[in-house]
Amino acid sequence: MGEFPGSARLMLVPGVVHLNEPAAAFEAMVMGWSRQQRSRQLGDHTVVSRERLIRRFQGFCESYPWEWTPGDVEDFTVSLTSGKDRLALSTIRGYHLTLRMFCDYITDSRYEWPTQCHDRFGQVPSQVCNEWNTVAHLNDYEGKPERRPLTYRELEELFDWLDDRVDAIARSGRKGALAALRDATMLKTTYAFGLRRNELARLDIADLRPNPHMRAWGTYGSIHVRYGKATAGSLPRRRTVLAVPEFDWAVDGLKQWVEEALPLYETDGHPALWVTERRTRVKVRQIDDLFADARAEIGLDEHLSLHCLRHSYVTHLIEHGYPERFVTEQVGHTYASTTAIYTSVSNDFKNRTLQAALARVYKPEEKERS
């Protein structure tokens with residue numbers, strides 16, 4: 001019984017008297033749950049963020065897990081949905097899931113917490129999350145409705161602003177033209193290959209690969225993504241994203257950056273594709289800030305985020321006629337239904353599709369009449 005990672009027998013030393021026994025038992029519970037999760041090979045970020053939420057919930061309730069009730073969950077949820085800082089539905093659902101998993105852990109007899117709580121405090125923990133006080137996952141997409149793909153005009157304005165920024169800094173003679181070229185190439189690469197933020201930031205020069213279908217593009221015809229989004233308890237997923245003819249301008253941009261601009265940084269063999277003036281890897285936060293600055297300068301909707309470039313990539317591939325399976329493989333989705341969430345084809349595409357359908361159905365009839 002006591003051999004399970006995170007079991008009470010391993011976390012609480014028998015015979016030791018604590019000055020604040022409830023606080024000590026709660027701390028042992030949290031640390032035991034962390035140990036159990038790490039045994040499942042969950043990432044440190046996931047484990048730490050879940051720990052933080054459990055401590056936050058305990059502070060909100062001002063009581064310990066063996067005293068929690070379903071009403072505490074309901075009060076906590078109300079606090080999350082009140083005021084101007086109301087959390088997104090998906091975030092609240094994630095909080096509920098974390099609380100449910102923690103309660104599953106402390107009520108599982110194999111970990112002996114019910115016995116420990118009964119012997120020490122005369123109460124046992126219970127599952128306080130149920131179908132009546134938690135958010136159900138009813139929709140495939142729970143993001144903000146304001147988030148959408150960028151239009152072709154918006155993309156053109158964004159990339160023009162990035163290019164003009166490079167020219168303006170270069171003409172002024174100030175430092176920063178090289179960094180501005182890097183920024184422009186980063187955002188263009190994000191869109192042209194449908195990358196996530198972390199995938200973009202973690203790229204190395206060695207991840208640039210040839211495209212077997214287009215040798216003329218050299219080593220810039222595809223990108224090998226080694227830090228794709230991982231599922232719980234797994235390593236980052238890998239995939240190769242092929243450049244497509246409609247976005248071949250990105251190939252020239254990457255070539256210029258790697259062969260002409262990057263050597264000027266004198267990185268001494270640093271493997272990163274995107275480096276700072278201090279010869280360190282560009283971080284995700286810097287890329288977010290760059291997009292936010294560009295968005296503000298050209299007057300884009302404040303709800304649009306860097307991830308919307310990925311949405312745009314999926315949408316525009318579909319509009320260009322690429323099969324859904326190809327798009328799914330390109331962006332690294334496990335299921336085609338996930339790719340469909342990202343798709344929001346333009347009115348022009350819908351009009352062209354409808355016109356083609358009308359011509360296919362009605363033109364034969366016109367020929368018969370004539």
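Asp204 and Arg281 form a salt bridge, with their closest N and O atoms 2.8 Å apart. Asp204 lies in the loop between H9 and strand E1 (208-209), and Arg281 lies in the loop between H10 and H11, so the pair ties together parts that are 77 residues apart in sequence. The model is predicted. Asp204 counts as buried because its relative accessible area is 12%. Arg281 is partly exposed, at 22% relative accessibility.

Now look at the other salt bridges. The whole structure holds 18 of them. Arg239 meets Glu199 at 2.8 Å, N to O. This pair also links distant parts of the chain: Arg239 is in strand E3 (residues 237-242), Glu199 is in helix H9 (residues 197-201), and they are 40 residues apart. Both Arg239 and Glu199 are buried. Arg55 and Glu51 give a local example. Both lie in helix H3, four residues apart, about one turn of the helix. Arg55 is partly exposed, with a relative accessible area of 30%, while Glu51 is buried at 13%. Salt bridges can also join into a network, as Arg165, Arg182, Asp183 and Glu277 do.

Next comes helix H7 (residues 152-172). Which residues of H7 are buried? They are Glu154, Leu155, Leu158, Phe159, Trp161, Leu162, Val166 and Ile169. These residues cover an arc of only 145° around the axis, so they sit on the same side of H7. Arg153 and Arg171 are exposed on the other side. The cover over the buried residues includes helix H8 (177-193), helix H10 (249-261), helix H11 (284-298) and helix H12 (307-319). Just after H7, Gly173 takes a positive phi of about 80°.

Turn to the rings. A pair of aromatic rings is described by the distance of the centres and the angle of the planes. The model has 19 aromatic pairs. Tyr64 and Trp66 are stacked, 5.3 Å centre to centre with 15° between the planes. Both Tyr64 and Trp66 are buried. Trp66 also stacks with Phe121, at 4.2 Å and 5°. Trp66 is in the loop between helix H3 (44-61) and helix H4 (70-80), and Phe121 is in helix H6 (residues 113-121), 55 residues apart. Phe121 is partly exposed, with a relative accessible area of 21%.

Elsewhere, Trp33, Phe57, Phe60, Trp68, Phe76, Phe102, Tyr105 and Tyr111 form one aromatic cluster. A ring can also meet a charge: the charged end of Arg202 sits over the ring of Tyr227, 3.8 Å from its centre.

Notes. Residues numbered from 1 in each chain as written. Predicted model: local features only at pLDDT ≥ 70, side-chain atom pairs only at ≥ 80, totals over all residues. Heavy atoms only, no water. Phe/Tyr/Trp six-rings, centres within 6.5 Å; stacked < 30°, edge-to-face > 60°. Buried < 20%, exposed > 50% of the residue type's maximum accessible area, 1.4 Å probe, protein only. Helix = DSSP H or I, 4+ residues; strand = E, 2+ residues; numbered from the N terminus. Lys NZ or Arg CZ within 6 Å of the ring centre and 35° of its normal. Arc of directions from axis to C-beta. Contact = heavy atoms within 4.5 Å. Salt bridge = Lys/Arg side-chain N within 4 Å of Asp/Glu carboxyl O.
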